[in-house]
Amino acid sequence: MNHIQTKTIPSEAARQPMIQAQQDEAAIFVLSENGTILEANPEGMQLLGDAQSQFHPEKHHIASIIPKLATTDLFKKDEERVNPYLRFLSRIGHKFEIITANGKQNSCELYFNDIKSDGQYRILIRIYPVHTNEAI
């Protein structure tokens, strides 16, 4: 894939229930099993600081936005599932620090899902800002 794709993620791929307002503000990424960003919605593109025409997958790993994921196995290969520890952290409301394209640090909640796309398993991450006085 030579560029990022912006597309609507089907509701069956997003397993946690959300209200429309939350869904509108979530940055959504689809990752390869090694953490390379393959697809993003417009909010995700904004976090990356890229326009769709400028995106180059080889230069964007999810750790560029969420540094804590640089040292975490994202995928449990023997079960073809997202790392259970990451699922646990998202379910208890753990706050992850993210770094936006302009270098600003924010706390966010992340939700991890695994999806099957084109015969391969992928990781879907939804990032929700923790509301403070400042916007992401």
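**View 1. Asp114 and its two arginine partners.** Asp114 is buried, with 6% relative accessible area (buried: under 20%; exposed: over 50%; partly exposed: in between; 1.4 Å probe, protein chains only). Asp114 forms a salt bridge with Arg87, at 2.3 Å between the closest N and O atoms (a salt bridge is a side-chain nitrogen of Lys or Arg within 4 Å of a carboxyl oxygen of Asp or Glu). Because Asp114 lies in strand β6 and Arg87 in helix α3, this pair ties together parts 27 residues apart in sequence. Arg87 counts as buried at 11% relative accessibility. Asp114 also forms a salt bridge with Arg81, with the closest N and O atoms 2.8 Å apart. That pair links distant parts of the chain, Arg81 being in strand β4 (residues 81-82) and Asp114 in strand β6, 33 residues apart. Arg81 is partly exposed, at 34% relative accessibility.

The model is predicted: local features need pLDDT of at least 70, side-chain atom pairs count only at pLDDT 80 or more, and totals for chains, interfaces and linings use all residues. Residues are numbered from 1 along each chain as its sequence is written, and side-chain values use heavy atoms, with hydrogens and water left out.

**View 2. The salt bridge between Lys95 and Glu109.** The closest N and O atoms of Lys95 and Glu109 are 3.0 Å apart. Lys95 belongs to strand β5 and Glu109 to strand β6, 14 residues apart. Lys95 is partly exposed at 38% relative accessible area, and Glu109 is partly exposed at 22%.

**View 3. The open five-stranded sheet.** The strand order is β2-β1-β7-β6-β5, with antiparallel pairing (strands pair if DSSP finds at least two bridges between them; strands are DSSP runs of E, at least two residues, and helices runs of H or I, at least four, numbered from the N terminus). β2 (37-40) and β5 stand at the edges with a single partner strand each, so one side of each has no neighbour in the sheet. The twist averages 40° from one strand to the next. Strands β1 (residues 27-31) and β7 (residues 120-129) pair over five bridges, and Phe29 has Ile125 in β7 as its bridge partner.

**View 4. The nonpolar surface patch.** Tyr85, Phe88 and Ile92 make a nonpolar surface patch of about 340 Å² (patch residues have over 30% relative accessible area and no salt bridge, with nonpolar side chains joined within 5 Å and like charges within 9 Å; areas come from the Shrake-Rupley method with a 1.4 Å probe). Ile92 lies in the loop between α3 (84-91) and β5 (95-99), and Ile92 is exposed at 52% relative accessible area.

Definitions and conventions
Axes are lines fitted to C-alpha atoms, for helices over the stretch in contact, and angles run from 0 to 180 degrees between N-to-C directions.
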